[in-house]
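Student: I would like to go through this model with a few questions. Please show it first.

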Amino acid sequence: YLRDHSMRRLPVYILLDTSGSMRGEPIHSVNVGLQSMLSALRQDPYALESVYLSIITFDLEAKIYLPLTPLEQVQLAEIQAPSAGATFMGAALELLAECVNQQVQMNTTDEKGDWRPLLFIMTDGSPSDIYAYQQIIPVIQQFNFASIVACAAGPKAKQEYLLQLTDKVVVLDTMDAASFSGFFKWVSASVVAGSSSAGISGSISLPPPPPEVQLVL
C-alpha cells in the first residue's frame with residue numbers, strides 16, 4: 001500500500017504569460033518568484049514526495065518551458081520575454097490539454113492514478129486568440145483539475161476572460177517583485193495544501209492569499 005501511495009503524483013501546471021509587455025522588471029520578478037516557490041516547496045516532505053511540476057509559457061507561441069518533472073529534479077533557467085508580441089493564451093491551454101492527456105494517469109478499477117492536477121495561470125493582458133481560448137475552456141474543465149487559479153497581473157489584465165475559465169481569479173495591482181513573490185508563495189502554500197490533503201478528499205481548499213494578492217469574488 002505504501003508503495004502505491006508513494007507512486008501517486010500531484011501534477012502541478014503553471015502557465016505563464018511571457019508576452020512583450022512582461023519584458024523587464026515583470027519577467028525578472030516572475031523568475032525570482034518561481035525560485036522562491038521552488039525552495040518553499042522543497043522544504044515540504046509531502047510536496048517532495050508527490051509534486052511534479054510543469055511550466056508552459058505563452059507569447060507569440062505556446063512552449064513547454066519545463067516538461068512535467070519531479071520537484072527535486074526541477075532546474076529553471078531564466079525565463080525571457082520577447083521585445084513585443086501577442087498573448088496566445090488559447091494556444092497555451094491547447095498545449096496544456098495535450099500534456100494532461102499524455103501525462104496524467106487517471107484512476108482505473110485496478111489502480112489509483114495520479115492525484116487531481118492543479119493549474120495556475122498568470123497573465124498581464126487578455127488572450128490574443130480569443131476564439132481558440134473560448135473553444136478550449138470546456139476541454140480544460142473536463143479534466144477535473146483539483147483547482148484552477150488564474151492571476152490577473154497589473155492594470156491591463158482582463159479578469160472577465162479568466163473568469164470564463166475558473167471562479168478562482170486573483171488580482172495583482174502591481175507587477176513588482178513583492179507582488180509576484182507574494183503570488184508564488186501563495187501558489188506554493190496551495191500546492192502544499194494540495195499534496196498533504198490530496199489523500200483525504202478530492203478537492204483542496206486554498207489557503208487565504210497574502211495582502212498583495214486579492215481574490216475576485
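**Fold and contacts**

Tutor: The protein chain has seven helices and seven strands, where helices (H or I, at least four residues) and strands (E, at least two) are DSSP runs numbered from the N terminus. This is a predicted model, in which local features need pLDDT of at least 70, side-chain atom pairs count only at pLDDT 80 or more, and totals for chains, interfaces and linings use all residues. Residues are numbered from 1 along each chain as its sequence is written, and side-chain values use heavy atoms, with hydrogens and water left out.

Student: What percentage of the residues in the protein chain is buried?

Tutor: Buried means under 20% relative accessible area, exposed means over 50%, and partly exposed is in between (1.4 Å probe, protein chains only). Of the 217 residues in the protein chain, the buried ones make up 53%.

Student: Among contacts between residues at least 6 apart in sequence, what percentage joins residues at least 24 apart?

Tutor: Contact means heavy atoms within 4.5 Å. Among contacts in the protein chain between residues at least 6 apart, the share joining residues at least 24 apart is 75%.

Student: How do α4 and α5 pack, roughly parallel or roughly antiparallel?

Tutor: Helix α4 covers residues 89-103 and helix α5 covers residues 130-142; their axes are 8 Å apart, at an angle of about 30°. Axes are lines fitted to C-alpha atoms, for helices over the stretch in contact, and angles run from 0 to 180 degrees between N-to-C directions. Angles under 35 degrees count as roughly parallel, over 145 as roughly antiparallel, 65 to 115 as roughly perpendicular and the rest as oblique. The angle therefore makes α4 and α5 roughly parallel.

Student: Which residues make the contact, and how many of them are nonpolar?

Tutor: From α4 the contact uses M89, G90, L93, E94, L96 and A97, and from α5 it uses A132, Y133, I136, V139 and I140. Ala, Val, Leu, Ile, Met, Phe, Trp, Tyr, Cys and Pro count as nonpolar, Asp, Glu, Lys and Arg as charged, and the others, Gly among them, as polar. By class, there is one charged residue and one polar residue, and the nonpolar residues number nine.

Student: What kind of aromatic pair do F143 and F145 form?

Tutor: Rings of Phe, Tyr and Trp (its six-membered ring) pair if their centres lie within 6.5 Å; planes under 30 degrees apart count as stacked, over 60 as edge-to-face and the rest as tilted. The count by this rule is two aromatic pairs. F143 and F145 are 6.4 Å apart centre to centre, with 80° between the planes, and the pair is edge-to-face.

Student: Is N144 buried or partly exposed, and what is its phi near?

Tutor: N144 lies in the loop between α5 and β5 (147-153). Its relative accessibility is 42%, so N144 counts as partly exposed. Most residues other than glycine have a negative phi. N144 has a positive value, and its phi is near 65°.

Student: Where is L38, and which residues does it touch beyond four places in sequence?

Tutor: L38 is in helix α2 (residues 25-42). L38 has a relative accessible area of 2%, so it is buried. Not counting residues up to four places away in sequence, L38 touches L53, L71, V74 and L76.

Student: How far apart in space are L38 and K185, C-alpha to C-alpha?

Tutor: K185 belongs to helix α7 (residues 177-197). With a relative accessible area of 51%, K185 is exposed. L38 and K185 are 147 residues apart in sequence, and their C-alpha atoms are separated by 9.2 Å.

Student: Leaving aside neighbours within four places in sequence, which residues is E78 in contact with?

Tutor: E78 is placed in the loop between β3 (62-70) and α4. E78 and I27 are 51 residues apart in sequence and 9.1 Å apart in space, C-alpha to C-alpha. Leaving aside neighbours within four places in sequence, E78 is in contact with H28, N31 and Y65.
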